[in-house]
Amino acid sequence: MTTISIRNASVLDVAEGVLGDTTDLLIVDGKIAEIGPANAATTVDHTVDLGGRVLMPGLCDAHVHAIVPINSFAQLTRWSPFYTAIRAMPILEGMLMRGFTTVRDAGGADFGIARAVAEGLIPGPRILYSGKALSQSGGHGDMRGVGETVHDGHYYVPSLGRVVDGVDAVRAAARDELRRGATQVKLMVGGGIASYTDPIHFIQFSRDEIRAAVEEAEHAHTYVMAHAYTDACIRHAVECGVRSIEHGNFIAAETAAWMAQQQAILVPTLVAYSTMWEEGLSIGMPPELHAKISPVLEVGSAQLEIAASNGLKMVYGTDLIGPLHRHQSLEFRIRREVLPAAEVIRHATCNAADLFNMADRIGHVRDGYVADLIALDGNPLDDIEVLMAPEKLALIMKEGRIFRQSV
Ligand code: ZN
Ligand code: ZN
């Protein structure tokens, strides 16, 4: 049994958006066993005195791609899976050291890398992986150029997605990803930026194909997340039972209100566009893909206002790739410019836990919850920037294991 006492913590109630009085916590074997004044008679293995600093749940990012580089989407399929995993290691460590203790990988990461992190072989956040995203021929997961015919679809060829056409093939692929432990199924239901043959307004997969994936996910007690930019793509997916809409930049107000009724969730990924626009070319993004960012960038952060004013639940996502991961926390600033701090904090904590079907385990600082905790030099309700400066993280704990302690 390993016990850690955390003293003098001002616990942030993320659901209510209020800071509690200073208290103590007892962590036993990776879980929060007790919140309240420490018992002097209890012996512990380690003590952390926060001196009144804010303690909050570890952060969640619902849209990452741990293994996808920016300069070679297509080349990824020529890489060794070992090389790909080793390149992902500093990316995963960087996420954890920014305070992200749980991430949902939206395509590319698999059971191997998630297991390596879970076993403590490499530092990183808990990875909720989709395996390979399902894409139709010519869809956002099909990285062939127009002159290419052959696609190496072997499972151990690293890639963002796998190409499947037809209801039976989609059903089989969804079952296969779930067999490999995918925590959700990822579909590409519309065009995207990082693919060569599909403008973003293309609608992808037939309704029956999407419904087949949704049915398989639901049978496995999980859900489908879908890449979709335009309002038509969003409707196409949610009408077929998709629960998590990724990006969703062009969502209309009526669709946002309707999605809220359907209990679907929106995962904007705004930081990806400004950073890719500014830095993409210099770090090797093909110019024809870089040009596809412009219309998405033009709609800006309007979707945040549309979603919030129509009661649509949102979750924190970033969708950064390769060296752009260092901007992961910038999404907080982008959202804070439109929304109250307490709401933005919910995106990265309790709302994410709801989306992940983990609301009874993560996303709050509560008795019995997993000890994913960060402590801050400052109050994020007053100044969201404290979440953006890794040096202001006084404590980073994942499942009771301390990865940083500067107090
Ligand atoms: Zn996407
Ligand atoms: Zn993505």
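**Figure 1. The two zinc ions in the predicted model.** The zinc ion (ligand 1) and the zinc ion (ligand 2) are separated by 3.5 Å. This is a predicted model, and the distances in this and the following legends are computed from it.

Figure 2. H227 belongs to strand β12 (residues 224-228) and H247 to strand β13 (residues 244-247). The two histidines are 20 residues apart, and the pair links distant parts of the chain.

Figure 3. H63 sits in strand β6 (residues 59-64), whereas D319 is found in the loop between α10 (302-309) and α11 (330-336). H63 and D319 are 256 residues apart, so that distant parts of the chain are linked by the pair.

**Figure 4. Surroundings of Q136.** Q136 is located in the loop between β9 (133-135) and β10 (161-163). Its side chain reaches the backbone nitrogen of F205 at 2.6 Å. With neighbours within four places in sequence left aside, the residues in contact with Q136 are D142, V163, V164, D165, Q204 and F205.

**Figure 5. The contact between domain 1 and domain 2.** Domain 1 covers 3-58 + 364-405, and domain 2 covers 59-328. The contact draws 16 residues from domain 1 and 14 residues from domain 2. Their C-alpha centres are 31 Å apart. Between them the domains bury about 1100 Å², with 60% of this on carbon and sulfur atoms. On the domain 1 side, the residues losing the most area to domain 2 are G58, K398 and F403, which together account for 43% of what that side buries.

Figure 6. The rule finds 2 salt bridges across the interface of domain 1 and domain 2. In a salt bridge of the model, the side chains of R126 and E399 meet at 2.9 Å, N to O. The elements giving two or more residues to the side of domain 1 that touches domain 2 are β5 (54-57), β16 (393-398) and β17 (401-405). β16 supplies the largest share of that side, 4 residues. By class, the side of domain 1 that touches domain 2 holds 10 nonpolar, 1 polar and 5 charged residues.

**Figure 7. The salt bridge of D377 and R53.** Side chains of opposite charge can pair when their charged atoms come close. The side chains of D377 and R53 meet in a salt bridge, with an N to O distance of 2.6 Å. D377 lies in the loop between β15 (373-376) and β16, and R53 in the loop between β4 (46-49) and β5, so the pair ties together parts that are 324 residues apart in sequence. A search of the whole structure finds 22 salt bridges.

Terms used. Residues numbered from 1 in each chain as written. Chains lettered and ligands numbered in written order. Predicted model: local features only at pLDDT ≥ 70, side-chain atom pairs only at ≥ 80, totals over all residues. Heavy atoms only, no water. Domains from an automatic or database assignment. Contact = heavy atoms within 4.5 Å. Buried area = accessible area lost by both parts, 1.4 Å probe. Salt bridge = Lys/Arg side-chain N within 4 Å of Asp/Glu carboxyl O. Nonpolar A, V, L, I, M, F, W, Y, C, P; charged D, E, K, R; others polar. Donors = N, O, S within 2.8 Å, 3.2 Å for Na, K, Ca; no water. Polar contact = N/O pair within 3.5 Å; in protein donor to acceptor, adjacent residues only side chain to side chain.
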